[in-house]
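Hello,

Here is the structure I said I would pass on. My notes on it follow below.

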Amino acid sequence: MTKLKNDTFIRALLKQPVEYTPVWMMRQAGRYLPEYRQVREQAGSFLNLCTNPELACEVTMQPLRRFDFDAAILFSDILTIPDAMGLGLYFTEGEGPKFKNPIKTVADINKLPIPDPETELRYVVDAVRLIRKALQGSVPLIGFSGSPWTLATYMIEGGSSKSFQKVKGLMYGQPKHMHIMLDKLAISVAAYLNAQIAAGAQVVMLFDTWGGMLTSEDYVEFSLNYAKQVRSLLNTGSGEQKTPTILFTKGGGQWLEAMLDGGYDALGLDWQTDIQVARARVGDKVALQGNMDPVTLYAQPDFIVAKVKTILEKYGPGSGHVFNLGHGILPDINPDHVKAMVDAIHQYSPAYHRFC
């Protein structure tokens with residue numbers, strides 16, 4: 001294994017001393033970059049881009065050529081597992097992801113297979129291998145998956161939803177079958193992340209995009225419990241070879257104490273959670289990742305720098321903070337504004353680590 005030239009991100013996730021606060025950005029490889037749009041046009045479709053390891057590697061590397069990020073994140077989509085299960089993922093311009101064969105019946109749940117990452121999802125694993133080689137040990141590579149609950153919402157709704165009435169209908173009307181489906185997904189997600197780790201991912205993250213639309217008790221039963229199951233099945237190693245883990249539940253700030261039981265090294269925060277309050281609530285048990293409002297990046301650089309300073313000040317001295325947005329960057333953000341954010345973090349955060 002190539003020794004990392006910059007392991008600040010990993011050390012922060014493990015709450016080890018760092019010289020500054022590391023930063024990366026959700027969707028950092030994406031449409032806000034003109035070079036990404038060129039490769040996307042070359043690929044012909046978003047799905048073609050995801051399933052071509054060479055192109056996925058290229059767009060993963062693009063933001064690192066522009067900005068001083070402390071991590072790379074695999075370019076892929078959270079819905080690769082349902083697609084490998086036979087649901088027929090496709091994308092409609094302006095409407096987001098959809099499935100040709102959504103889950104409609106108990107029989108559909110019962111026949112769901114557990115995909116083999118090295119066959120049905122080989123293109124993702126190959127992309128991880130290519131990216132690790134391209135990085136040459138410069139920064140760590142993050143692998144990821146959608147959470148079992150989030151995958152289930154898309155699979156049952158057939159795409160995005162505002163009311164989530166279909167998935168909640170199954171959850172309340174036939175909870176036994178909902179649990180059968182979530183168990184299959186947890187096993188599949190763990191196998192998928194383990195394959196990414198084996199291929200070279202040095203950190204793995206679980207995106208629970210839709211956990212926040214549940215009630216407190218339903219979140220624990222149908223989302224968090226399966227995130228815990230995934231974590232229990234991960235081959236993350238220990239000591240210097242440990243692969244840190246991150247759990248991000250959008251809208252989950254009210255459940256931080258419950259999320260501590262998930263076994264993850266870090267919890268992601270969206271912008272609606274005060275990071276100072278969050279740190280007081282979790283203590284020294286986990287690292288925190290976040291949490292600038294993505295819309296802040298529409299502002300002028302001086303305003304962005306001020307917001308960076310506020311978040312750093314609110315987290316306060318010591319390790320355990322990874323700076324990030326509270327969700328993915330929006331597609332029409334000026335790249336110069338991203339640079340202003342990244343540069344400000346590296347300029348002003350060392351003061352919070354000087355005596356730690």
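Which residues does asparagine 291 touch, not counting residues up to four places away in sequence? The contacts are Leu269, Asp270, Trp271, Thr273, Ile275, Ile311, Asn324, Leu325 and Gly326. Please keep in mind throughout that this is a predicted model.

Asparagine 291 is found in the loop that runs between β8 and α14. At 6% relative accessibility, asparagine 291 counts as buried, the cut-off being under 20%. Its side chain reaches the backbone oxygen of aspartate 270 at 3.1 Å.

At the N-terminal end, α13 is capped by aspartate 274, with a side-chain oxygen 2.8 Å from the backbone nitrogen of glutamine 276. After the helix comes glycine 283, whose phi is positive, near 60 degrees.

Two charged side chains sit over rings. The charged end of arginine 279 lies over the ring of tyrosine 315, 4.0 Å from its centre. Lysine 309 places its charged end over the ring of tyrosine 348, 4.4 Å from the centre of that ring.

As for ring pairs, there are ten aromatic pairs. One of them joins tyrosine 154 and tryptophan 210, with 6.4 Å centre to centre and 55 degrees between the planes, which makes the pair tilted. This pair links distant parts of the chain, 56 residues apart: tyrosine 154 is in helix α8 (residues 148-157), and tryptophan 210 is in the loop between β5 (203-208) and α11 (216-233). Tyrosine 154 is buried, with a relative accessible area of 9%, whereas tryptophan 210 is partly exposed at 21%. Elsewhere, ring pairs link Tyr36, Phe46, Phe75 and Phe91 into a cluster.

On the nonpolar side, the largest core has 125 residues. Those with the most contacts inside it are Met155, Met178, Met181, Leu297, Val338 and Met341. Helix α10 (residues 175-199) gives the largest share of this core, twelve residues. In general, nonpolar side chains tend to be buried together in soluble globular proteins. Leaving out residues up to four places away in sequence, methionine 155 touches Pro82, Met85, Leu87, Phe99, Pro102, Ile103, Leu112, Met181 and Leu185. Among these, Met181 is also named with the most contacts in the core.

Asparagine 194 is buried, with a relative accessible area of 15%. A polar atom of its side chain lies 2.7 Å from the backbone nitrogen of asparagine 235. Beyond residues up to four places away in sequence, asparagine 194 touches Leu233, Leu234 and Asn235.

Regards

Key:
Residues numbered from 1 in each chain as written. Predicted model: local features only at pLDDT ≥ 70, side-chain atom pairs only at ≥ 80, totals over all residues. Heavy atoms only, no water. Polar contact = N/O pair within 3.5 Å; in protein donor to acceptor, adjacent residues only side chain to side chain. Helix = DSSP H or I, 4+ residues; strand = E, 2+ residues; numbered from the N terminus. Phe/Tyr/Trp six-rings, centres within 6.5 Å; stacked < 30°, edge-to-face > 60°. Buried < 20%, exposed > 50% of the residue type's maximum accessible area, 1.4 Å probe, protein only. Lys NZ or Arg CZ within 6 Å of the ring centre and 35° of its normal. Core = buried A, V, L, I, M, F, W, Y, C linked by side-chain atoms within 4.5 Å. Contact = heavy atoms within 4.5 Å.
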